[in-house]
Protein chains: 2
Amino acid sequence: MRPLPEGMREKVLAAAELFAEHGLDATKMEDVAAATGVPKATLYYYFEGKEDILAFLFNEILDEVARAIAAAMSTAGTAADRLRAALAAHLRVFEDFPAASRALQFDLGRAARIPHIDERIEAAFRGPVRRLLEAGAADGSLRAVERPRLAAIAILGAVTTVGINAITPGPAARPVEEIADDVIDVVLRGVAA
Amino acid sequence: MRPLPEGMREKVLAAAELFAEHGLDATKMEDVAAATGVPKATLYYYFEGKEDILAFLFNEILDEVARAIAAAMSTAGTAADRLRAALAAHLRVFEDFPAASRALQFDLGRAARIPHIDERIEAAFRGPVRRLLEAGAADGSLRAVERPRLAAIAILGAVTTVGINAITPGPAARPVEEIADDVIDVVLRGVAA
DNA sequence: GCGGAGTTTAGACTCCGAGTCCAAACGCTG
DNA sequence: CAGCGTTTGGACTCGGAGTCTAAACTCCGC
């Protein structure tokens, strides 16, 4: 993937809507061209193919999550406070980027097999939460769980599933801030001191 | 989808391996034919298309989960005991059907949009767990959470994510029974009385 | 054994969409 | 202006999903 020129990034982000609605494979490159206003030949000039566009979108959203979680982690307070803030920040990203989030959910299984994406999920999600759990065991604000990495996976599974559920259109759709406290509460009790 | 004749079910189950490895869209019908020993024309005689085969596989595994959870739910003991048993049973299904489980994970986003499958996920997973949470609030073995449905989604997100992670080949792969207790412990504390 | 209904299969076929290619135009910089 | 990278339309190739057909086979009631 070539570096994108001015304005291209925003245009391509619009493709998330399509991927969220139909999934990667049911979305035609011509549709992406139509929705973004970038002609097919130009898309192929910048991206290696359809999956490369998906990877780009995921990278964008993972940047966002990594930034949000890192910001929450670097605040003052106990590890428990910071974990609470990190999970709230994570949930907020779903709300801020609903199309990209739903696209991610649609093709998460595929995305997780793109090695680069999986590394980024580790760096943006699992790693930070695991470190918070360890910090919590050290400062006494959280219980010392035997397998912090496993607990981090469980926590992120819970939060991500609920977040996706909240933004998926349908009877169960809810504003994220309406549910965030409840979920984080359940999760935090699970690892409380 | 027509009712399958004797022996066809087992053969088609072998397609899960392919879907788990490459995903639905990267798997050719000819490959499915080769792997299952059922010729392409015959597959199209019984199934409406590739996605219909995926739906069949998911139905099979959802049957299994529904059975396992229902059995765990109908045992004696407090609601907390039964919840523990249900989650352990759920995790065991991942281990018993690794190929189908990984196929499910690969295309879960797509599967969740097949209405029939989503209903079955509700019936097999979310509904029973929600009812256990309510029973736990009633018999005092669990805390009365404000939004039992939300908590059920969070619990299943945690357990499913960990289960998938455990059976996914790679450095993080673990036998399920090695991790089940830990995860269930974290989850149970989250909703403990 | 016979005829019909449903099943099984090979193989040819249509159709669509991903990705390639090319050539013409464009726009910037030296 | 010459040259390089960018932009684009449009034609093209190629592979795979799903369709169709016709022949063969199985099983049934008669």
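Helices here are DSSP runs of H or I, at least four residues long, numbered from the N terminus. The model you have open is predicted.

**Stop 1: DNA strand D**

Select DNA strand D. Around it lie 13 residues. Pick out the closest: Pro39(A), Ala41(A), Thr42(A), Lys28(B) and Gly49(B). Now colour by element. Two or more residues come from each of α4 of chain A, α3 (29–36) of chain B and α4 of chain B. Which element gives the largest share of this surface? Select α4(A): its share is 3 residues. Colour by class next. The surface near DNA strand D shows 8 nonpolar, 2 polar and 3 charged residues.

**Stop 2: DNA strand C**

Move to DNA strand C. It also has 13 residues around it, and the nearest are Lys28(A), Gly49(A), Pro39(B), Ala41(B) and Thr42(B). Show α3 (29–36) and α4 (40–46) of chain A, then α4 (40–46) of chain B; each supplies at least two residues of this surface. α4(B) gives the most, with 3 residues.

**Stop 3**

Superpose chain B on chain A. A rotation of 180° does it, with 0.0 Å of shift along the axis and an RMSD of 0.1 Å. The two copies are therefore related as by a two-fold rotation axis. Both copies use the same surface: 100% of the contact residues of chain B recur in chain A.

**Stop 3: the contact between A and B**

Chain A puts in 30 residues, and chain B puts in 30 residues. On the chain B side, show α7 (98–106), α8 (108–111), α10 (148–167) and α11 (176–190), each supplying at least two residues. Which of the elements gives the most to this side? Highlight α10(B), with 11 residues. By class, the chain B side divides into 15 nonpolar, 8 polar and 7 charged residues.

**Stop 4: helix α6 of chain A**

Select residues 79–96 of chain A. This is α6, with 18 residues. At 1.5 Å a residue, the helix should span 26 Å; its end C-alpha atoms are 25 Å apart, so the two agree. Now show the buried side chains. Among them are Leu83(A), Leu87(A), Leu91(A), Val93(A) and Phe94(A). Arg82(A), Arg84(A) and His90(A) are buried too.

Methods. Residues are numbered from 1 along each chain as its sequence is written. Chains are lettered from A and ligands numbered from 1 in the order in which they are written. This is a predicted model: local features need pLDDT of at least 70, side-chain atom pairs count only at pLDDT 80 or more; totals for chains, interfaces and linings use all residues. Two residues are in contact if their C-beta atoms, placed from the backbone, lie within 7 Å. Ala, Val, Leu, Ile, Met, Phe, Trp, Tyr, Cys and Pro count as nonpolar, Asp, Glu, Lys and Arg as charged, and the others, Gly among them, as polar. A residue is near a molecule or strand if its C-beta atom, placed from the backbone, lies within 6 Å of it. Copies are superposed by least squares on the C-alpha atoms of residues with pLDDT of at least 70 in both. The expected span of a helix is 1.5 Å times one less than its number of residues. A residue is buried if 20 or more other C-beta atoms lie within 10 Å of its own, exposed if 12 or fewer, and partly exposed in between; C-beta atoms are placed from the backbone.
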